Amino acid sequence: MANPALEEIRGKIEKSARLADRKTSDIVLIAVSKTRSGDEIRPLLAAGHRVFGENRVQEAAGKWPALKADYPDIQLHMIGQLQSNKAAEAVALFDYIHSMDRPSLIKALAKEMDLQQRRLPCFLQVNIGEEPQKGGCDIKAVPELLEQARDGGIKVVGLMAVPPDGTNATPYFALLAKLARDNGLDGLSMGMSGDFEKAIKLGATHIRVGTALFGERVPHSV
């Protein structure tokens with residue numbers, strides 16, 4: 001069943017990839033479904049989309065098991081800040097984690113992956129705009145945290161960042177891409193509804209799109 005919003009985003013991805021001389025197949029569209037109900041998510045599933053992102057473990061645990069029962073090939077990405085005491089639930093529920101950003105969380109995730117014998121690919125989140133209110137590690141801490149994660153048996157596939165609100169995201173995307181290259185990483189989780197086309201041109205492999213797919217959030221939507 002066709003979904004107009006999904007088709008529009010796919011068209012923009014294809015155009016941006018073509019302009020950057022990249023393959024569309026190298027770009028993963030993560031539909032950000034935080035605060036969206038199962039009824040809001042199902043039209044995208046019916047249209048064939050299978051990759052989704054959530055910000056909170058508790059919210060995801062409340063709605064995704066039922067959806068996964070109907071669509072077993074769903075791929076679920078944890079894109080919000082993750083508390084170390086939620087590591088066990090996160091490893092059990094998600095397929096990727098984008099918000100690994102500190103030694104205590106790396107340690108907790110490595111322990112749970114060992115216990116559950118479930119190896120999740122992870123992105124290291126970088127506080128690319130050096131904003132005190134945002135998650136993510138300091139830029140200078142990237143090599144050390146990558147080493148700790150690899151020593152813990154965690155497969156680090158790339159870097160993730162959220163540029164400062166209200167600014168031109170391009171320099172921040174370029175900086176994250178350089179950091180990834182300097183540290184031998186291919187994955188770049190960057191770009192959202194308002195700027196994913198810029199992110200694709202600068203090498204994004206995973207874009208996180210919510211509003212452009214689902215529309216503006218309705219207050220108190222769960």
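**Burial and an aromatic pair**

Analyst: Phe52 is buried, its relative accessible area being 0%. Buried denotes under 20% relative accessible area, exposed over 50%, and partly exposed the range in between, with a 1.4 Å probe and protein chains only. Before going further, note that this is a predicted model, in which local features require pLDDT of at least 70 and side-chain atom pairs count only at pLDDT 80 or more, while totals for chains, interfaces and linings use all residues. Residues are numbered from 1 along each chain as its sequence is written, and side-chain values use heavy atoms, with hydrogens and water left out.

User: How many aromatic pairs does the structure hold?

Analyst: Rings of Phe, Tyr and Trp (its six-membered ring) pair if their centres lie within 6.5 Å; planes under 30 degrees apart are stacked, over 60 edge-to-face, and the rest tilted. The structure holds 1 aromatic pair. Its members are Phe52 and Trp64, with ring centres 5.0 Å apart and planes at 50 degrees, so the pair is tilted. Distant parts of the chain are linked by this pair: Phe52 belongs to strand β2 (residues 51–54) and Trp64 to helix α3, 12 residues apart. Helices (H or I, at least four residues) and strands (E, at least two) are DSSP runs numbered from the N terminus.

User: Is Trp64 buried or exposed?

Analyst: Trp64 is buried, with a relative accessible area of 0%.

User: How should I read the packing of two helices?

Analyst: Two packed helices are described by the angle between their axes and the distance between those axes. The axes are lines fitted to C-alpha atoms, for helices over the stretch in contact, and angles run from 0 to 180 degrees between N-to-C directions. Here, helix α2 (residues 38–46) and helix α3 (residues 57–70) have axes that come within 11 Å and cross at roughly 30 degrees. That crossing makes α2 roughly parallel to α3; angles under 35 degrees count as roughly parallel, over 145 as roughly antiparallel, 65 to 115 as roughly perpendicular and the rest as oblique.

User: Which residues make the contact of α2 with α3?

Analyst: On α2 they are Gly38, Ile41, Arg42 and Leu45, and on α3 they are Lys63, Trp64, Ala66, Leu67 and Asp70. Contact means heavy atoms within 4.5 Å. By class, the contact of α2 with α3 comprises 5 nonpolar, 1 polar and 3 charged residues. Ala, Val, Leu, Ile, Met, Phe, Trp, Tyr, Cys and Pro count as nonpolar, Asp, Glu, Lys and Arg as charged, and the others, Gly among them, as polar.

User: At what angle do helix α5 and helix α6 pack?

Analyst: Helix α5 (residues 103–116) packs on helix α6 (residues 142–151) at about 15 degrees, the axes being 9 Å apart. The two helices, α5 and α6, are therefore roughly parallel to each other, and α5 passes α6 in a right-handed crossing. Pro103, Ile106 and Lys107 of α5 meet Leu145, Gln148 and Ala149 of α6. The contact of α5 with α6 divides into 4 nonpolar, 1 polar and 1 charged residues.

User: How are individual residues placed in their surroundings?

Analyst: One reads the element, the accessibility and the contacts together. Leu93 lies in helix α4 (residues 87–93) and is buried at a relative accessible area of 11%. Beyond four places in sequence, Leu93 touches Val57, Ala60, Ala61, Lys68, Leu76 and Arg118. The C-alpha atoms of Leu93 and Val57 are separated by 8.2 Å, although the two residues stand 36 residues apart along the chain. Gln125, in strand β5 (residues 122–125), is likewise buried, at 7%. With residues up to four places away left out, Gln125 touches His98, Ser99, Met100, Asp101, Gly135, Gly136, Cys137 and Met160.

User: Where is Gln117 found, and is Gln117 buried or exposed?

Analyst: Gln117 is in the loop between α5 and β5 and is exposed, with a relative accessible area of 74%. Its phi is near 50 degrees, a positive value in a residue other than glycine. Thr35 also has a positive phi, near 65 degrees; Thr35 sits in the loop between β1 (28–32) and α2 and is partly exposed at 24% relative accessibility.

Note on methods
A crossing is left-handed if the near helix is turned anticlockwise from the far one by less than a right angle, and right-handed if clockwise.
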